[in-house]
Amino acid sequence: MSYKDISAKKRAERDSKFKPEWLVPEEELPGPEVLDVLQWPVSSGYLSASEIEITEAPIATIRANIKSKKWTAVTIAKAFMHRATIAHQLVNCLTEVFFDLGLEMAASLDKYYEETGQLIGPYHGIPISLKDNLIIRGQPASIGVVCLAYDPPSFTEEDESPNVKTLRSLGAVFYVKTSVPTAMMIGETMNNLYGYTLNPFNRNLTCGGSSGGEGALVAMKGSVFGIGGDIGGSLRIPSAFQNLFTLRATSGRLPGGGRAALVGLESVPSVQGPMARELCIVEEYCQIMTDLDKNMENLDVKFVPYGWRQDVDLPEKLTFAIAREDDKVHPYPSILRGMDIVIEKLKSAGHEIIEWDPTGQGEFDQLVHSFFTSDGGNKIKKLHEATGEPFFEFMHIYRDAKEISVSDLWDMQSKRNGIVKKFIKRWDGTAKLTSSGKPIDGLLLPTSPYSGAPLNKNQYCGYTSVFNGLDWPAGTVPVTRADKEIDLKEVDYKPKNDTDQLCYDSYDADKCHGGAISVQVVGRKLQDEKVLKMMKIVAQCCGTLDYWTT
């Protein structure tokens, strides 16, 4: 079969698994001129009042109603499955659909609760979506590559990703997997297998990547929260593009696992974590997963049984270094306005702000991407060659890459370590600039130069990849949305390089209207608890702690 025939077969199989009674008739769906579809599932009239109540509820309310038996796990699962179905029809965010298996999981949880009076665990009856590369028994994991659509046909219980296995044991309900870009190595979710996933804030914009389908589904309230991954910004970019909370944790602190195109790459650590509309979900997930029994090392050899520290206290007045941009790409006017909002709100709350020197961040981004192609792109080339699947132009760095020697790789890793030392020294050197005489508590900067990038634009990921190289924890906090009346193009700005020119040329206030605006909160290695606490302070100051992607 040709790659096109395989793709058509796979999409048809996925589509056959939706329940007809939950599908909106094609002629009733909004046309392409309707860009903001965040609230369309509610306003359309296709969700019942009870389904809206369930899917709009914060996790604390869902748990309370499970415990009181107002809602069963089956009732909750059906509500989120219905909303996920509509979300997919609007933005094309799902890869694997297994509603019947999810309903079986929910029914078994209800039976257990009825018979024992006990809940399985903290995620009892909570619908959780999974990025496509995560392994769950009975389902494939194509990672957006045609040759893996049926290879293997499904995975076994033994194959299941450690975090998936753990969430299952704590009562989670699984029912869908979400879309990713080809081989999960583009900042825009598109592939030859399933096509494009759109941004529900504005369907002219990309949802980001590589956890793009996850970001779109969670933003549209098709799951309570989802699990994604990050090797260059793949948790943070889609979270930023859909105004979600997430944390790219220090490597080893959270369990991971699953299928990867660059399996064996150790120069840049990949991590997995939650994407959610509520920061409390991210906090709780990190605490639960970090405090897992030490036997987790048997499932995930990279897991570090470090434990979650409850004794991390913040000073009453925080000191942040601010970088409104890095040294390579100037952000959209909307992103700069978002940074100004954050700075003003923090200053008004009594926190100290100093400037951060971003020198070298662009260079570090280039080094990180050099690690991605250090095998000459051979792993990704072989995946394409298996079916004759063509490369997207955005993946030319893998298509055109030349394999480097082990000696050259060692030199690159030595260079990386030297850059890390420079960043640590720069951080410690901020003590000379703060009123307390101590180094900054955290670093704030854009998550991306885009407030949602237009489709088919080669994105710059340097605002996130630098912290994968450093292995520093970094999270996203929603701030506001782009406004075409306010965020006017800077007509006098002169781009400083070709990449900057591409970013500048891609901005159109009208076309980018409604896109999400977020801020990235960064801390030093292993300071994950502190980063989450700082994220909470930033969200409180910005009024987005209870931001529900409206």
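The following questions and answers concern a predicted model of a protein.

Trainee: How many helices and strands does the protein have, and what is its radius of gyration?
Mentor: The protein has 19 helices and 13 strands. For 550 residues the globule rule gives 24 Å, and the computed value is close to this, so the protein is as compact as a globular protein of that length. The radius of gyration is 22 Å.

Trainee: What share of the residues in the protein is buried?
Mentor: A residue counts as buried when its relative accessible area is under 20%. The C-alpha atoms fill a box of roughly 60 × 55 × 55 Å along the principal axes. Of the 550 residues, the buried share is 61%.

Trainee: What percentage of the contacts with a separation of 6 or more joins residues 24 or more positions apart?
Mentor: The count takes in contacts in the protein with a separation of 6 or more. Within that set, the part that comes from residues 24 or more positions apart is 80%.

Trainee: How far apart are the end C-alpha atoms of helix α5?
Mentor: Helix α5 covers residues 73-91, which is 19 residues. At 1.5 Å a residue, these should span 27 Å.

Trainee: Is α5 largely enclosed or largely open, and which residue follows it?
Mentor: Of the 19 residues of α5, 16 are buried, so the helix is largely enclosed by the rest of the structure. The residue that follows α5 has a positive phi, near 60 degrees. That residue is asparagine 92.

Trainee: Which helix gives the most residues to the lining of the largest cavity?
Mentor: The structure holds three cavities of 30 Å³ or more, and about 70 Å³ of space lies in the largest. Its lining includes His330, Lys489, Asp500, Cys503 and Tyr504, and by class it has seven nonpolar, one polar and three charged residues. The helix that gives the most, with three residues, spans residues 498-506 and is α18.

Trainee: Which strand provides the largest share of the lining of the second largest cavity?
Mentor: About 40 Å³ of space lies in the second largest cavity. Among its lining residues are Ala240, Tyr450, Ala516, Ile517 and Ser518; by class, the lining has six nonpolar, three polar and no charged residues. The largest share, three residues, comes from the strand at residues 516-522, namely β13.

Trainee: What is omega for the peptide bond from glycine 209 to serine 210?
Mentor: Serine 210 lies in the loop between β5 (195-196) and α8 (212-219). The bond from glycine 209 to serine 210 is cis. Its omega is near 5 degrees.

Trainee: What is the relative accessible area of isoleucine 143?
Mentor: Isoleucine 143 is placed in the loop between β2 and α7. Although it is not a glycine, it has a positive phi of about 45 degrees. Isoleucine 143 is buried, with a relative accessible area of 1%.

Trainee: Is asparagine 243 buried or exposed?
Mentor: Asparagine 243 is in the loop between α9 (236-241) and β7 (245-248). It has a positive phi of about 50 degrees although it is not a glycine. At 0% relative accessibility, asparagine 243 counts as buried.

Methods:
Residues are numbered from 1 along each chain as its sequence is written. This is a predicted model: local features need pLDDT of at least 70, side-chain atom pairs count only at pLDDT 80 or more; totals for chains, interfaces and linings use all residues. Side-chain values use heavy atoms; hydrogens and water are left out. On a 1 Å grid over the protein atoms alone, a cavity is a set of points where a 1.4 Å probe fits but cannot get out, and a pocket is an open set with protein on both sides within 12 Å along at least five of seven lines; lining residues have an atom within 4 Å of a point. Grid points are joined across faces, edges and corners, and a volume is the space filled by probe spheres set on the points. Helices (H or I, at least four residues) and strands (E, at least two) are DSSP runs, numbered from the N terminus. Ala, Val, Leu, Ile, Met, Phe, Trp, Tyr, Cys and Pro count as nonpolar, Asp, Glu, Lys and Arg as charged, and the others, Gly among them, as polar. The expected span of a helix is 1.5 Å times one less than its number of residues. Buried means under 20% relative accessible area, exposed over 50%, partly exposed in between (1.4 Å probe, protein chains only). The radius of gyration is taken over C-alpha atoms; the globule rule is 2.2 Å times the number of residues to the power 0.38. Contact means heavy atoms within 4.5 Å.
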